[in-house]
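Please find below a short note for a student reader.

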Amino acid sequence: MSDLVWIIIVLVALAVCAYKRFTLTNTVAIGAAALIIATLFGSLGFFSWVFFALLAVPFVVPSVRIPYLTTPMLAFYRKVMPEMSSTEQEAIDAGTVWWDGEIFSGRPNWHTLHAIPKGRLTAEEQAFLDGPVDRVCSMIDEWQVNHKDADLPPEVWAYLKEHKFFAMIIKKEYGGLDFSAYAQSRVIAKLAGTSAVLSSTVGVPNSLGPGELLQHYGTQAQKDHYLPRLAKGDEIPCFALTSPEAGSDAGAIPDQGIVCKGEWEGEEVLGMRLTFDKRYITLAPVATVVGLAFKLYDPDQLLGNKTDLGITCALIPHDTKGLDIGRRHFPLNTPFQNGPVRGKDIFVPLDFIIGGADMAGKGWRMLMECLSVGRCITLPSTSAGGAKACAMSTGAYARIRRQFKIPIGHMEGVEEMLARIGGNAYMMDAVTRLSTVGVDLGEKPSVISAICKYHLTERSRIVVNDAMDVHGGKGIMLGPNNYLGRGYQGMPISITVEGANILTRNMMIFGQGAMRCHPYVLEEIKAAAIDDNDEAIQAFDKAVFGHIGFALANAVRSSWFTLTHGYLHSSPFKDSTARYYQLLQGYSANLALLTDVSMGILGGSLKRRERLSARLGDLLSYIYLASATLKRFDEEGRQHEDLPLMHWAMQDCIYQLETALMDFLDNFPIGWLGKVLKWKLIPFGHRVSKPSDETEHQIAQLLQTPGTARSRLGDGQYLTREPGSLPGELEQTLDDVIAAEPVFDKVCKALGEKRQFTQLDKLADIAIEKKLITDEEADLLRRTEAGRAKIIAVDDFAHEELVAAIR
């Protein structure tokens with residue numbers, strides 16, 4: 001064989017070692033063995049060994065590697081890496097790495113994913129959903145709440161307190177329900193499908209708020225005092241973080257406290273003088289205790305030798321002198337209780353700090369850890385619940401409403417929207433299931449929570465827009481019979497709160513993900529920060545050469561993925577999902593490779609290139625969304641009926657992932673390198689097409705036809721068929737329409753004419769008179785007409801009624 005062939009054999013041996021991620025020592029040993037064979041049986045000789053030695057010795061001989069490679073690399077690293085602020089460091093340190101770490105690994109272990117237990121409700125949690133949750137849903141009159149009272153009625157507030165809706169996170173020892181995160185998610189999703197005001201009111205106290213902070217960080221005295229009262233509803237909490245000058249940049253809050261001595265209840269005590277101006281605070285107008293975030297200063301060093309202590313969290317009773325609370329904001333016609341909280345020179349004791357004086361200055365870390373949990377539950381579950389409700393109601397309406405003598409759901413343009421609604425609802429619910437199970441396993445998934453918050457609220461916006469388009473005039477006319485309008489109006493609220501979506505996508509998902517989930521980056525940063533130079537060099541040596549091996553492995557894996565299109569990657573299943581596992585495996589390697597390339601070339605400037613960061617975050621996000629979809633499909637028994645929903649979600653996720661990948665490479669700052677990488681990673685464009693027309697047709701039919709697949713999609717939503725329940729009336733009318741159609745066709749055939757599917761009551765009278773149908777069939781036609789007419793009807797008002805409501 002020629003020298004070129006032997007060189008290729010040696011390189012292939014080294015590439016296999018990199019692909020399999022062998023240790024550096026083993027890789028060099030295998031490379032040497034391949035070279036020995038090439039020398040014995042080929043003509044490779046002295047110069048080949050010299051070249052190999054020049055490459056290998058610096059890596060495997062510490063006495064050469066450390067002084068000549070590691071030490072100058074550490075010096076360069078320290079020079080180019082920007083200094084990390086304390087708030088950035090605390091945000092990165094907060095939380096844990098879970099399945100997102102597998103995604104960043106370049107070779108996610110699918111058996112690990114499927115070994116994660118399925119979310120399950122206890123008997124107590126299921127009883128709560130079937131009992132109090134259904135009951136409070138039945139108590140809600142959305143028109144009364146939103147248009148007339150601008151609040152939940154007093155009997156609903158009383159019911160929520162009595163049944164401990166505000167105490168789902170509080171432990172039983174303090175009188176709470178102590179529900180799992182998964183159960184909380186199911187509750188919020190059901191409430192969200194009924195009323196945004198209701199779900200917001202319940203969700204916030206069980207998310208980021210005093211209850212969560214107290215349980216993790218409060219003193220025993222604080223827990224004993226507040227938690228039982230919060231559990232019983234004697235206290236209503238809110239948490240004030242956002243300021244007029246610091247919204248998304250919460251670390252820059254101007255609100256401050258000064259450590260000083262002052263008078264409290266007739267005695268001189270060590271305390272804080274607080275000045276703050278907060279807004280957008282949910283439940284503030286009705287809160288009895290205010291959680292407050294502020295920067296604490298100690299100019300006289302009464303607590304130690306530091307003057308700037310940092311962000312601190314405290315609990316302030318609503319009747320504290322000087323506290324201005326009670327006025328309301330009006331968030332986009334969705335009147336959940338929300339308003340400003342202000343105070344100037346309010347003096348309170350130091351023991352108002354959550355956790356006492358020892359926790360002064362530790363509030364940012366507290367908030368980041370709790371937010372990483374809460375952001376996995378409340379807004380994602382609200383979005384998923386709203387999407388499921390839209391899927392059920394829009395599917396039913398599209399089957400009931402007719403134009404041109406056919407259900408509008410049979411029109412291809414409507415089918416496209418129904419498919420987006422159904423596919424998104426399926427995927428969104430899958431994501432909340434997986435994410436909340438992670439929380440129940442003890443994870444604090446800060447990166448995953450950002451993914452959930454951003455993508456599910458954005459998908460919810462798509463869903464409600466599509467639902468409004470399908471409903472047409474029915475959707476835009478507000479009134480007691482409109483079940484979409486208020487959700488549509490309030491949709492931007494979820495986009496804005498708990499970190500604006502622009503910030504979340506462009507800075508948080510990849511910014512935190514690259515630091516937290518990459519197996520070596522954080523270790524390199526920590527090593528570079530070690531003061532002892534010898535210790536720093538040893539730690540950096542281990543991290544940086546592990547990183548080099550990791551990068552080479554992903555470069556090889558990415559090349560193999562391009563060469564084989566992933567068809568040789570393994571999959572845990574051999575059915576129609578196998579291709580998705582193979583593709584996600586390859587794109588995980590692409591993500592890891594591009595992360596290393598970007599950080600290596602752009603360094604600290606990467607975080608200022610927000611569009612690039614956002615697109616890398618999209619790669620991470622879509623792999624996570626797709627993983628959750630595959631896991632849901634498996635957990636539910638790999639049902640054949642659910643295949644259209646699963647395929648739509650997977651194809652949409654991967655198509656969007658590939659779009660983000662190509663956009664990233666097309667806009668890479670070094671143009672020629674972007675072109676080379678595009679040729680290396682995705683030379684022929686999309687590997688996956690958008691969902692087909694046939695798949696979307698199948699989903700549209702599924703949404704319009706009662707059955708097990710449709711029931712699984714709407715599982716857990718409030719669909720009870722009782723008087724006054726709009727979702728229940730939709731479901732009943734859908735059943736009646738489908739049952740009445742054969743009767744209608746029979747009568748039309750007997751009469752020899754094709755009629756419009758309207759005035760079914762009159763048609764029933766004609767058919768009975770001519771003895772074409774039975775009394776039961778006539779009753780079905782009359783009942784169907786009454787239900788159909790009510791479903792498609794819209795409300796109208798006297799002018800004076802509207803003027804009075806707007807006052």
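1. The model is predicted: local features need pLDDT of at least 70, side-chain atom pairs count only at pLDDT 80 or more, and totals for chains, interfaces and linings use all residues. Residues are numbered from 1 along each chain as its sequence is written, and side-chain values use heavy atoms, with hydrogens and water left out.

2. Asp596 belongs to helix H23 (residues 578–602); helices are DSSP runs of H or I, at least four residues, numbered from the N terminus. Neighbours within four places in sequence aside, Asp596 is in contact (heavy atoms within 4.5 Å) with His518, His547, Phe550 and Ala551.

3. Which residues touch the most other members of the largest nonpolar core? They are Tyr587, Leu594, Tyr624 and Leu625, in a core of 123 residues. A nonpolar core is a set of buried Ala, Val, Leu, Ile, Met, Phe, Trp, Tyr and Cys residues joined through side-chain atoms within 4.5 Å. Beyond its neighbours within four places in sequence, Leu594 contacts Leu616, Leu619, Leu661, Phe664, Leu665, Leu677 and Leu681. Another core, of 83 residues, lies apart from the largest one and includes Leu160, Val187, Leu323 and Ile346.

4. Residues of helix H8 that meet helix H11 include Phe128, Leu129 and Val133. On the H11 side, Ala183 and Val187 are among the residues in this contact.

Technical notes
Helix = DSSP H or I, 4+ residues; strand = E, 2+ residues; numbered from the N terminus. Buried < 20%, exposed > 50% of the residue type's maximum accessible area, 1.4 Å probe, protein only.
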